[in-house]
Amino acid sequence: MSDLRFTKDHEWLRIEGDAAVVGISDYAQEKLGDIVYVELPEIGRKVAKGAEAAVVESVKAASEVYTPVSGEVIAVNDALGENPAEVNGDAMGKGWFFKIRLDDPAELGDLMDEAAYRKFVEGLE
Amino acid sequence: MRYLPLNDADRAAMLAKIGAAGVDDLFCDVPEAARLDTRLDLPPPAGEIAVEREIAAMAAKNLGTGRAPSFLGAGAYRHHIPAAVDHLIQRSEFLTSYTPYQPEISQGTLQALFEFQTQVALLTGMEVANASLYDGATAAAEAVLMAMRLTRRRRTVLSGALHPHYRDVVRTMAALADAALVSGGARPAGDEDLAPLIDGDTAAVVVQTPDLFGHLHDLRALAAACHENGALLIAVVTEVVSLGAVMSPGAMGADIVVAEGQSLGVPLSFGGPYVGLMATREKFLRQMPGRLCGETIDKDGRRGFVLTLSAREQHIRREKATSNICTNSGLCALAFCIHLTLLGEAGFTKLARLNHRKAVRAADELAALPGVRLLNRSFFNEFTLELPVPAAPVVERLAGEGILAGVPVSRLEPKAPELASLLLVAVTELTTDEEVAALAAGLRRACSEKV
Amino acid sequence: MMNHEGRPTAVTPSGDAAGAAPPTFTGNRGLDIEEPLSFEQGRDGVSGVDLEDLPAVEDRLGGLARRAPIGLPGLSEPEVVRHFVRIGRRNYAIDLGPYPLGSCTMKHNPRLNEKLARLPGIADLHPLQPVSTAQGALELMAELGRWLVTLTNMSAVALSPAAGAHGELCGLMCIRAALIARGDARRRVLVPESAHGTNPATAALCGYVVDPVPADATGRIDLAALKAKLGPDVAALMLTNPNTCGLFERDIIAAAEAVHAAGAFFYCDGANFNALVGRVRPGDLGIDAMHINLHKTFSTPHGGGGPGSGPVVLSAALAPFAPVPYVVQDAAGFRLVEEAAATAGEPVGRLKAFHGQMGMFVRALAYMRSHGAEGLRQVAEDAVLAANYLLASVADVMPPAFPGPCMHEALFDDRFLKDTGVTTLDFAKAMIDEGYHPMTMYFPLVVHGALLIEPTESESKDALDRFAATLRFLAERAKAGEAERFLEAPRLTPRRRLDETRAARKPVLRYRPPERPEAAD
């Protein structure tokens, strides 16, 4: 999919019109292990690129999720409250975290596409 | 040395295996300048007989509450501890184990903590409780920090009838978080109204019941005022036995309840170790500091218990943890749990009512003394007497006569001369009629001579 | 063979594997007895405590009398005693065997200390009774303080902190207050990556930005990196010594000099003081503040996770900022300074409701007095000797993470488990089946799959030999491809591996009675 972008902190982002859906990559969920809790941002919050926007917890680790782009949070995946396992089961789909309205589409240029990210992850192993 | 199993032959054999010429080789990384070779000015080793003799001699210089009529309270209470409590907490499996990091071989501690959390939630009328904190005062400070995180506000209102030491601990800790504290003045008459101090920037209101002066407070209107403004109500209880006789703070609308649990199972010990209790609503759980024990199942499907939600804690979250707390007050929490289990519903509620009824009788007897006035219309097991003379010298004089007459408010509020004549008097199930009579006679003498 | 009562007294080996007993009716397995929650037992009207009848007076509860039942079960004393004895038997304990949790110092807890803490005149002493009636207690606190100050060569001690992390808070608050007093509030606190989590958490609690300092290839602080990070906005360095890799920080004096040259303070985490007591005084290393875990170095019992006690020794520069209350001695005897205004210094405030963990002070002082200064030195030497002996006994099958000698604890990484399919966690669980409490796992974070072993001075050579032989056996089994032994462990415990994910996803933190069907009217 060409509209997918990734960060070096293992967030993914999918562009939907003037907004983007953000989650953590399959690689990240596997490293964290069983996800037990996701703390999501408030709707309406303005976040700057690189700011901490969510927290994801497994039994043995906690990790901040940074927003890959600046903008306003317009939706969050409330289903994760009841069922954080979605992040393990479908990180790139049902396990999405929040949706953000882009301030500056030019910021997308700094992100990796899927092929580049795959190469980046291979380099980590 | 009776605690060291190695003899010189062992040490030599071990050094040989290591390939070291002497033990100094093992300390080779210590810079020369810091290798201690002088004798320290400290005593030589001593056997049990000598150590016991020395420490017993220090103990003998004190007037323990066990051998004097004692009316001391103000945050620490002398209660009977059933013999079974002290026996059980000294069993090796509880005394000499550590934090249950390996749940398969720590189910005893974990099950006790689960029962403790349940007891604390039930007593306080809240949904969830943690596995304990250091003491009531630090629990109060942690509650204020927790409320600041939950509301993202800085302003906190402290009742003027909050125990002054609790107030000071809250101040000390909250200053680090840049909190703005607003404090009501001391209100010994029990007529404080905090509602006007609450505004839309208020994170929390901290109120104690029974308060420092012993007054009981109906928190329902205050809770409503907090909630209208988006603030949280933190209720502080320094005498946990009161919860057997009075309505729980949770039932009155508190959002966080903190308490000192010393009264159940934990000796006075000159102020510590004690056990801080903290309970809250389920929705605030993630911001609650301290250890938590939770139920789960094992590989074979059997019920078991583990420490849980530890991603909030410092060993995982490091600088982003909810608190820097690492330990809880394990053995004191266990003593609390065992004592309350022994009491049960019938025993605990009776113990509370016995404390109260004895206190009512004592209050009336003491208030009948000439020049002495009882400030309380309501109270649990502690009340405030206004004496015709400053209270501290009276207490000092009665101590000389072998009576521990209570806590003069000036001990806690030395900068408030208007409170100098106030005496806090606590009565528990251990207080006898003869002791009350002795206090009455002592107060009569001390007050009349000075008037 | 039959004895005269006609019972067989010999057993015939059955050939069955151990533990192959059929499931029992009760779920119990011999001495391992299942015990429900207290809340699942009991009945109305029963209590394990008898109290006198209530005096016949009117309540004066201001209309706030409790009306709703609490929900506590009613049990008699025999039931309560049995309950806690049964569940207690499901705990491992130092009194049962080695408890080699690195950085926790699980040493023997002398029973004399328990007896003394319970003496009349100590256990029944109220914190607010007139100090004229508690002179012996203040003397004891002053004496404990003298020992701590002498053993560390520091200027002053704050006794009130309730635990190690509370002591860290106290020390860092004193540093913060000293900086503010000289008009030089600073922002950053440097913390090595190998530090206990409490260090960064404490620094953050004090409002500081935590700046990690890397370790060098020998597992110690990288002095050049430290110097590069020092600057006018650094408030303090927090360093553990010996560090959490069990190594003495060789460059510690140089680090202290660099920290002081930058106008910052040097906080030492004293969790590992057991390795140094009587041999090295932290004051001689340039330290400004250090907490001492009485429950580690000075043997006060760990009690299933507390209570601890964490007095903080302070340099002359920080002493004026020590929190209230503290004990002073003058011609009239001992006094307690309880109010900030009553002091010559500028106390950071109050950290605890009362004067500190007195019950722990008594135990710690009894421990110190029993050993004397030479005995404490022997403690440090035996603890360091035991760790190095253990390391030497297993190093060929479990290579240490860093070259030795180590101090009081030996650190291994998981290289020896490479390609075995066994993780550090699995290895630890197999130790449980062998009757040992595992070592600290996955800490410090700077080492992959860390196993941190602290035997303490309380183990005999025979006990160390047996423990080392067990480690060797397990390491060899793992290498021999017996992963199953580890992955299924523990098998012989009252509970097997517990589902921590389930516990965290849907937290059940208290008992709730089963829903009762509504009574039909």
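Student: Which residue is the bridge partner of A:Val38 in E6(A)?

Tutor: The partner of A:Val38 in E6(A) is A:Val56. The model is predicted, with local features needing pLDDT of at least 70, side-chain atom pairs counting only at pLDDT 80 or more, and totals for chains, interfaces and linings using all residues. Residues are numbered from 1 along each chain as its sequence is written, chains are lettered from A and ligands numbered from 1 in the order in which they are written, and side-chain values use heavy atoms, without hydrogens and water.

Student: Why are E4(A) and E6(A) said to pair?

Tutor: Strands (DSSP runs of E, at least two residues, numbered from the N terminus) pair if DSSP finds at least two bridges between them. Four bridges join E4(A) to strand E6 (residues 52-58) of chain A, and therefore the two are called paired. Their sense is antiparallel.

Student: What makes E4 and E7 of chain A edge strands?

Tutor: The open sheet of chain A has the order E4-E6-E7, with antiparallel pairing. Strand E4 (35-39) and strand E7 (62-66) each pair on one side only.

Student: How do you know that E6(B) pairs with both E5(B) and E7(B)?

Tutor: Strand E5 (residues 232-237) of chain B joins E6(B) in the parallel sense over four bridges, with B:Val236 partnered by B:Val258. Strand E7 (residues 276-280) of chain B joins E6(B) in the antiparallel sense over five bridges, and B:Ala259 stands opposite B:Leu277 there.

Student: Why is E6(B) called mostly covered?

Tutor: Buried means under 20% relative accessible area, exposed over 50%, and partly exposed in between (1.4 Å probe, protein chains only). Five of the five residues of E6(B) (residues 256-260) are buried. In a regular strand the side chains alternate between the two faces of the sheet. Here B:Ile256, B:Val258 and B:Glu260 on one side, and B:Val257 and B:Ala259 on the other, are all buried.

Student: Why is the meeting of C:Glu381 and C:Arg279 called a salt bridge?

Tutor: The rule asks for a side-chain nitrogen of Lys or Arg within 4 Å of a carboxyl oxygen of Asp or Glu. Chain C is divided into domain 1 (114-368) and domain 2 (373-491), bounds that come from an automatic or database domain assignment. Across the interface of these domains the rule finds one salt bridge.
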